[in-house]
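Welcome, and please take a look at the model below. This briefing walks through a few of its local features, topic by topic.

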Amino acid sequence: MTATFKAIYLTEQPGADAPHAEIRDVPVADMMPGDVTVAVSHSTINFKDGLAITGAAKIIRRWPMVAGIDFVGTVEESTNPGFKPGDLVLQNGYGLSEGHWGGLATKARVKGEWLVKLPQAISPVRSMAIGTAGYTAMLCVLGLEKQGVKPSQGEILVTGAAGGVGSVAIAILAKLGFDVVASTGRPEHADYLKSLGARTVIDRAELSAAGAPLGKERWAGVVDSVGSHTLANAIATSRYDGVVTACGLAQGADLPATVLPFILRGIKLIGIDSVMCPMDRRIEAWGRLATDLPFDRLDAATQIAPLSAAIPTAHEILKGKVKGRVVIDTHA
Ligand SMILES: NC(=O)c1ccc[n+]([C@@H]2O[C@H](COP(=O)([O-])OP(=O)(O)OC[C@H]3O[C@@H](n4cnc5c(N)ncnc54)[C@H](OP(=O)(O)O)[C@@H]3O)[C@@H](O)[C@H]2O)c1
């Protein structure tokens, strides 16, 4: 076993909000405890990685930290009976880059109970093109389905459409036969959003300012990764019995809404968490990604970049400048 591994290494800077972030050769002997050691091949950059690496939000709870809320790789060593050397595994969340060293690295040591075996139909690169963003998009779609939302019921709104959650949600929903309306602040990506399967593209300005407590009924379902006024307006313009899944805060963590859509139209607001999501739901989501995500569309939404691109991409994603998904090849 090599004595060091490469990682995006974050150290606390006393008195500063932002951590110091660099690529560092880290001694294997310093790794945190775990019963499975994984040779990581790929990771990715999600919005939350942007928050952690730049220090824009207090994601990290212990120092120093290895960044990265996702990884995929091959088991090197295991004392967990569920895993053996050679198994292809992935992890999303479960405290990676918060309380436990993360996946933007060439090696990770974690608890086997956090790992998912990579479905055969999904390659390692595609699993990270999906990443937390895409797996959360699938959790949102499952949230709509579990509330009985069907394609025949009408339009589904996807906010933050050109981002990671939004792009994958559009591709899945379109494949399942839903009529998808993509809300974006980047009209120059309208053709991209239509190529993913959106039937209609709207300007996010229609949703992002303070609105009325109730508006004209339009959406049978919503996948919202934006929060704030956008989420409030999506709720206020949902159809009777409509279902709104809320997973993000790209616009803000506030929810300036009233109870009127809930008590007059029976709207259901479903919260979506990927980080501590129980294992049976993760396995269900990854199983459905294997069958219901059109991989050609995922590939079109994916760029592959080296580990050296991780820190600059973390800054870019918070500015809303990343389109689709960025996979990090940790060995490049
Ligand atoms: N609950 C969970 O477990 C979970 C899991 C994954 C992600 N999330 C959250 O979901 C959100 C999206 O994550 P992501 O990885 O998809 O990020 P992303 O790739 O950066 O996508 C976010 C998108 O939101 C839109 N946006 C950005 N700033 C905005 C603003 N001020 N007002 C309105 N829209 C804005 C942009 O889309 P357009 O350019 O198309 O407008 C942007 O591409 C983040 O808040 C993230 O923390 C939560």
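This is a predicted model: local features need pLDDT of at least 70, side-chain atom pairs count only at pLDDT 80 or more; totals for chains, interfaces and linings use all residues.

Residues are numbered from 1 along each chain as its sequence is written, and side-chain values use heavy atoms, with hydrogens and water left out.

**Salt bridges**

- The structure contains 15 salt bridges, each being a side-chain nitrogen of Lys or Arg within 4 Å of a carboxyl oxygen of Asp or Glu.
- Lys48, Arg61 and Glu98 belong to one network of salt bridges.
- Helices (H or I, at least four residues) and strands (E, at least two) are DSSP runs, numbered from the N terminus.
- Glu98 also bridges to Arg61, with the closest N and O atoms 3.1 Å apart. Arg61 lies in the loop between H1 and S4 and Glu98 in the loop between S6 and S7, so this pair ties together parts that are 37 residues apart in sequence.
- Buried means under 20% relative accessible area, exposed over 50%, and partly exposed in between (1.4 Å probe, protein chains only).
- Glu98 is buried because its relative accessible area is 11%, Lys48 is partly exposed at 21%, and Arg61 is exposed at 59%.
- Another salt bridge joins Asp87 and Lys84, whose closest N and O atoms are 2.9 Å apart. Here Asp87 counts as buried at 11% relative accessibility, whereas Lys84 counts as exposed at 52%.

**An open sheet**

- An open sheet of 3 strands has the order S2-S1-S4, with antiparallel pairing; two strands pair if DSSP finds at least two bridges between them.
- Strand S2 (20–27) and strand S4 (65–66) are the edge strands, each pairing on one side only.
- Strand S1 (residues 4–11) and S4 run antiparallel and are joined by 2 bridges. Leu10 has Met65 in S4 as its bridge partner.

**Around Ser238**

- Ser238 belongs to strand S13 (residues 238–246), and it is buried because its relative accessibility is 0%.
- The Ser238 side chain reaches the backbone oxygen of Ala234 at 2.8 Å. In such a polar contact, a pair of N or O atoms lies within 3.5 Å; within protein, one must be able to donate a hydrogen and the other to accept it, and residues adjacent in sequence count only if both atoms are side-chain atoms.
- Leaving aside residues up to four places away in sequence, Ser238 has contacts (heavy atoms within 4.5 Å) that include Trp219, Val222 and Ile267.

**From Thr258 into helix H7**

- Thr258 is in the loop between S13 and H7 and is partly exposed at 32% relative accessibility.
- A polar atom of the Thr258 side chain lies 3.1 Å from the backbone nitrogen of Leu260.
- Leu260 is in helix H7 (residues 260–265) and is partly exposed at 31% relative accessibility.
- The C-alpha atoms of Thr258 and Thr37 are separated by 48 Å, and these residues are 221 residues apart along the chain.
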